[in-house]
Amino acid sequence: MGRAAMLQLLLLMAAGGAAAGDPEVHSLRGSWQLGNGNGSLSLQGEVPGCVHTALHGRGLIQDPYNRFNDVMYRWISLDNWTYSRTFKTPFDVRKWQKVNLVFEGVDTVAHILLNNVTLGRTNNMFNRYSFDITSMIKEVNFIQVRFMSAISYAAEQSRCHKAYSVPPACPPPVQKGECHANFIRKEQCSFSWDWGPSFPTQGIWKDVRIEAYNLYHLIYFSLTPFFVRRAQQWSLEIESIFNVVGSKPIAGLATVNIPKLQTQQTYSVKLQPGEGSIVLLVNISKNSTVEAWWPNGHGKQIGYNVTTTFIMEGGYQIEKISKAYFRTVELVQEPIPGSPGLSFYFKINGQPIFMKGSNWIPADSFQDRVTYDTLWLLLKSAADANMNALRIWGGGIYEQDDFYDICDELGIMIWQDFMFACALYPTDPDYLESVRAEVSHQVRRLKSHPSVVLWSGNNENEAAIASNWFSIPHADREVYIKDYVMLYVKNIREIVLAEDKSRPFVVSSPTNGLESIKEGWLSENPYDTHYGDTHFYDYSSDCWNWAMYPRTRFASEYGFQSWPSFSTLKKVSSAEDWSYTSNFSLHRQHHENGNDQMLQQIAYHFKLPQTTDPIKKFKDMIYLTQVMQAQCVKTETEFYRSSRSEIIRGEGHTMGALYWQLNDIWQAPSWSSLEYGGKWKLLHYFARNFFAPLLPVAYEDNGVLYIYGVSDFHTDHKLTLKATVSQQDDVYLFDLQTTAIAPFVTLDVGSIKGRFSDNGFLMMEKKKVVIFYPWEPTSVEELEKSFTLTSLMDVT
């Protein structure tokens, strides 16, 4: 477009721009009326929120996490609940061509009505739903969201799938869960898991709002960086997805301004009727030095402010202020000299990066209890333990926006599973249509985040078919393979590749990567150490023996259980529960034989408590499980880190260690290193050391002591150690003294929130100072009152 034509268009737009007006957006957050199926219960409930937290907030039930309430409150999930409210329209409806009612998240199966007219139905927790209410909105309106029990819906969908069964039907009895989770597009672990309770929630779990606009409206906006090697130049792809009301195209101008990179460009654009996108390719000025975004421990997390302005004919001006991060990601799968198979590692900005971290599960069964502060505490704890990566596991949720913003800020790379886990899934047309909408929405929502470095189709479903977890007769296997390829390859993969060309995609985890593709998307052995990533668990062998671990290319899941601290359990239990073999302890253990497996591992190296004091015995058992877990995961992780630069009998070049799991969903035994509420277990203190950027690793093999020096630095480093300790107003110093060597010294301050600078250490010197960093105001008196110190010498 020439300068004269551009000026003429600008003048035309300036003259007509005021007519359209900025869109009206009105949130319906806040208090709604909530009732059950037969009308016997009526109460106020918050949106965003769910039925359980509404009942608890009104004092109608106890804390759902208390003692056996997960089973006692099963009736809540079996009932059908309705959310409703009356609202006044806060604008003149006649001014607007289009008015939509938008739900960012409905959990899950609901019939939605406005002024007693059906708008539509929802059946996917992970979708965004938008309903046209232009012709039915009034000055005063009555909205209803009538939910159906997720348990009932899943069972009904399973019954309707008559051609063949889609296993598994139900979880193991030890999980005390619900059946047919794979038939509903909902948080899979809300039907129970081996570390979590069954709370199949109902509610409006994200924002709901009214959007009124003329001519056109911006729905999605994303920024994707690319580095053009040929030109040695960064470019930025800006995609904007609009909805155009009328039947004619709308022309206009788009201007992109990145002041710190001396880059400004203007484009002539045209919007087509309906939903369509505008893609702008911005070449960053070569006169500017672009500072890239780096993972934690490898550099800074630099972002640049970008202002994108759309001025369309006859319409209003849209100005979008966002942040662009420049980084590239490659998943390298190539031959390795001296080894069969292929490598499997990530390059960020051209640098090979060893992924150090863990696996993330939902932080609570009730998402409205997960605040920004909750996420910040957990994710900052990950970064403080020298982690640079987390895998968002496929049986939970696509996390809220705050989660990814914090990861961008902290430099935590995200391996993002799609929400399918440990099951086979149906592929009927309605189900696939819902999944396609889900995947498209989530990729558009998340692809601007530099922290997201990989899309993964599912958790363990390739392995489930390959290892025949569900005892499928060989003659029927092809049916399930066809479904697998249909769902993850022909639908999810194709959508991801179309929506996002800036980061890699793998179909499953574990997977053999390119080898799985070569074998028709399902490898014979997805756990092959010569390809891809592996999951590995062994609870019977001695976990201190490094030789039991697979020398894999990438360890994306591994771990051992422990119990949370007594102070965490005490909040949801009674005195009669404080025993390793109590009904409560058995109830909270959702992993088959989990309590016995912990005892077996402890017994390899420690004496079990013999004290006759039952509460001390319980506390000692908790302590020993945490010592055992920390030492086991330390041994395995150090083995993976030391295998980075070597090939032994064709195995090695390990480039990732993500242990299972980072966080807890409730107060129970699990594989986590952070307890529910964020308290650090001994494992997390150990992780801070075994994920250190410089790490000495020693192990004995056939009478020879091998010592490895492991480094994450990109250059050689000379280290000098100078140490000083000082007292500040907001931290507390613990001076420790001993007259003998004390192994696994553990400090605890009960329910006072915070972390120590070190814990679970071997104390060989006579004196040691440990710093306590409180997360909330406390005092010396409170700390002294709550403080306990335990070492292996104290266990009797």
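**Cysteines and overall fold**

Biologist: How far is the sulfur of C422 from the closest cysteine sulfur?

Modeller: The closest cysteine sulfur to that of C422 belongs to C189, and it is too far for a bond. A disulfide is a pair of cysteine sulfur atoms within 2.5 Å. For C422 the distance is 11 Å.

Biologist: Thanks! Before we go on, what kind of model is this?

Modeller: Residues are numbered from 1 along each chain as its sequence is written, and side-chain values use heavy atoms, leaving out hydrogens and water. Local features need pLDDT of at least 70 and side-chain atom pairs count only at pLDDT 80 or more, while totals for chains, interfaces and linings use all residues, since the model is predicted.

Biologist: How many disulfides does the structure hold?

Modeller: A disulfide is a covalent bond between the sulfur atoms of two cysteines. One joins C170 to C179, with S to S 2.0 Å, and another joins C543 to C632, with S to S 1.8 Å. The number of disulfides is two.

Biologist: Is the disulfide of C543 and C632 left-handed or right-handed?

Modeller: The pair links distant parts of the chain, 89 residues apart: C543 is in the loop between strand 30 (534-536) and strand 31 (555-558), and C632 in helix 15 (residues 614-642). Helices (H or I, at least four residues) and strands (E, at least two) are DSSP runs, numbered from the N terminus. The torsion about the S-S bond is about -50°, so this disulfide is left-handed.

Biologist: Is C170 buried, partly exposed or exposed?

Modeller: Buried means under 20% relative accessible area, exposed over 50%, and partly exposed in between (1.4 Å probe, protein chains only). C543 has 0% and is buried, but C170 has 40% relative accessibility. So C170 counts as partly exposed.

Biologist: What is the radius of gyration of the protein?

Modeller: This radius is taken over C-alpha atoms, and the globule rule is 2.2 Å times the number of residues to the power 0.38. With 796 residues, a compact globule would have a value near 28 Å, and the protein agrees, with 28 Å.

Biologist: Lastly, what share of the contacts with a separation of 6 or more comes from residues 24 or more positions apart?

Modeller: Contact means heavy atoms within 4.5 Å. The chain forms 17 helices and 42 strands. Among its contacts with a separation of 6 or more, residues 24 or more positions apart account for 71%.
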